Amino acid sequence: MQVEAYRRAKNLLAARRSPLIARVLGAVEALLVLGLLVLAALFVGLMTFRGEVRIAEPLTTTMPSWSVGRQIGKTGDFVVYDNSGLFPLIGANLNSPYVVHRVGARLLDGLTHLLPTLRNNLGALATLLALGLGLALLMSLTARLRRAAVAVAAADLATNLRRQIHRQMYRLGQSSLPTEGIGPVVNIWTREVNDVRDALAADFEVKPGMIVLAAGLAGLALAASPTLTLFLASLGLLVHITSRVMNREARGIHDAALRDASLQLCLLHEDLGLLRTVRTYAMEEFDRRRFDEHLDRYHAADVRRMLAEGALTASSALLLGAATATALGLLGYNVLVMDRISIATMLILGASLAGLAFPILRWMAMRRLLRHAERSAAEIFEFLARAPELHQIVGAEFLPPLRESIVLQDVTLESRSGRLLLDHVSLEIPAGGRTALVGADEDSKLALACLIPRLIDPQAGRVLIDGRDLREMTLESVRAQSATVLQADLVFTDSIMNNIGLGDPRYSLQKVIEAAKVAHAHFFIQELPHGYDTVIGPLGHYLRPDEQFRLALARAFLQDPSILIVEELTTPVDDEVKLLLDDTLSRLAAGRTVVTVPHRLSSIRSADNVALLHNGRLEGFATPSRLQSESKLLRHILYTEFNEYVTGEIEAGQVAG
């Protein structure tokens, strides 16, 4: 499996210590688990033999010297030992024809020298339980430290990727058009990064911990019976390969049912969206039959999918049952008839081979996560490799405050989806006045407004301020001369102090208060629970839309730009608030060039000039009264979109009587 992009992401942690710590602790934890399994095997042996064993008399000379004290007599040619703790496991294997058994017996004999309590039943029982408790506690501590190291490594990687994505967003100028949103980037930011993070966590969980555990379990099974282990492992592999071939048909049925269910679900979604058409043409009965038909088909396909998902076919069940019966029969035959292995050996062998399923399943799960992570990492790095939309040329000049005019020369601009927003627009906005952008398409108006602070660049044409091409000016100086108040970016979750002052140490509390007073916001700020320290925004204290708008105006005033771009509130406000907003805009407009995206008829009438846009083209530019008298399109827009009843400037009750 190719995981180049995932490896590239993982290499971002090369300088960190947490990945190495996680892997080392994973191996230690696996060894501790194996230690517990060995203790469990010894415990089973102790319970099985109960310290009793018979050794052929000629072989007693090869037994440990301390075992003489455990002899209680003879039975024929055999010497009987009792209350000997783990000695039966030593005596039964010390002269075994299998090298592994002999080595294990010698290691166990060495252990009895280190822990003499293992030489009697009660001492062996107490010692094994004490060692098991100690290993369990140590394993718990190791697992906790390992999880902490894995969590730190995975979180570090996710944070590193998200920091790069954030920086790339600045480079690309993504979502500079407010209505386009940041959906694609949010998907990369959340789902794709989380896929890589989860794969990394699984990677550290499995390697090398699960590898060490699998090797240890295989070694334990081989130590119990090499021949039976190899045979049973081969049988299991054969069953796995055969069952995959036999279940191919079931997987095909599942995939076909999934495709059918997806198709019917799409049709059901379409049915739900036909409500307007259904009502218009009175086709309720036809729509009901159509919906029921699609719903029944979806139900049938979903049932087929669930039945085929993870289902064990009759042939697979028969194969699995036959393999299990063969394995148990073989073990039973070696215990009951051939007397080649003991019950304890059979239990150890069965538990070890069954335990191998755990690391194998974890490995397979990790592989699935790695496949997802590879796709996600590829998308992340594809995003990070994109060339920025906005460039600052070498030797860019400083842009002074606007003095004469803003000029658009034959500007063409498309949205990211390819929709034409501005089509060869040429426009001159004189300095020192108020210009309103009017048109049916909100995106076109906002696109034109966002060209001025160079939040976006046109695909063709130029934007000039006092004859200077914005592409030849430094981005910092261009944006220092332009302040924007857009409905999508009025406030953010932070204190009012930071919402107005933007965390800039140059702006003291006194300056922030002065700006708030200009925007008629100081009064309601004082009424808030913590005044200027009150946290507002989506996750903070709720403010009305007009209050948020006034804070954004205060922020713009504090920056002291020469150009002010304002998108008016889309929600109706009462007369008192209108007066406050109009007064604030009048104060901010003094000595500045104001470009507005109006949503009130009075705002259009108070403008010095109106730029009329239609289908991306400039249809007219003149004073409001002149353009209204000359343009049927403007009169239509004013009637349909700026009607005083529609905008809420006049309520129905006001004209009663």
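1. Arg191 is partly exposed in this predicted model. Its relative accessibility is 47%, which lies between the 20% and 50% limits for that class. Arg191 forms a salt bridge with Glu192, and their closest N and O atoms are 3.0 Å apart. Glu192 is buried, at 2% relative accessibility.

2. The structure holds 29 salt bridges. One of them pairs Arg146 with Glu205, with the closest N and O atoms 2.8 Å apart. This pair links distant parts of the chain. Arg146 sits in helix H5 (residues 121–172), Glu205 in helix H6 (residues 183–206), and 59 residues separate them. Arg146 counts as buried, because its relative accessibility is 6%, under the 20% cut-off.

3. Arg297 and Glu293 both belong to H11 (residues 284–308). They are four residues apart, about one turn of the helix. An α-helix has 3.6 residues a turn, so residues three or four places apart point the same way. The closest N and O atoms of Arg297 and Glu293 are 2.5 Å apart. Arg297 is partly exposed at 42% relative accessible area. Glu293 is partly exposed at 38%.

4. Helix H14 (residues 357–384) deserves a look from the surface side. Ile211, Ile360, Leu361, Trp363 and Met364 make a nonpolar surface patch of about 470 Å². H14 gives the most to this patch, with four residues. Ile360 is found in H14, and it is partly exposed at 47% relative accessibility.

5. Arg367, Arg368, Arg371 and Arg375 form a positive patch. Arg371 is placed in H14. Its relative accessible area is 39%, so Arg371 is partly exposed.

6. Is helix H20 largely enclosed or largely open? It is largely enclosed by the rest of the structure, because 12 of its 15 residues are buried. Charged residues are among the buried ones, including Asp546, Glu547, Arg550 and Arg555. Phe549, Leu551 and Leu558 are also buried.

7. The length of H20 (residues 545–559) checks out. At 1.5 Å a residue, its 15 residues should span 21 Å. The end C-alpha atoms are 22 Å apart, which agrees. Asp560 follows H20, and its phi is positive, near 50°.

Terms used. Residues are numbered from 1 along each chain as its sequence is written. This is a predicted model: local features need pLDDT of at least 70, side-chain atom pairs count only at pLDDT 80 or more; totals for chains, interfaces and linings use all residues. Side-chain values use heavy atoms; hydrogens and water are left out. Helices (H or I, at least four residues) and strands (E, at least two) are DSSP runs, numbered from the N terminus. The expected span of a helix is 1.5 Å times one less than its number of residues. Buried means under 20% relative accessible area, exposed over 50%, partly exposed in between (1.4 Å probe, protein chains only). Patches are made of residues with over 30% relative accessible area and no salt bridge: like charges are joined within 9 Å, nonpolar side chains (Val, Leu, Ile, Met, Phe, Trp, Tyr) within 5 Å. Accessible areas come from the Shrake-Rupley method with a 1.4 Å probe; for residues, only the protein chains shown count as cover. A salt bridge is a side-chain nitrogen of Lys or Arg within 4 Å of a carboxyl oxygen of Asp or Glu. The place of a charge is taken as NZ of Lys, CZ of Arg, CG of Asp or CD of Glu.
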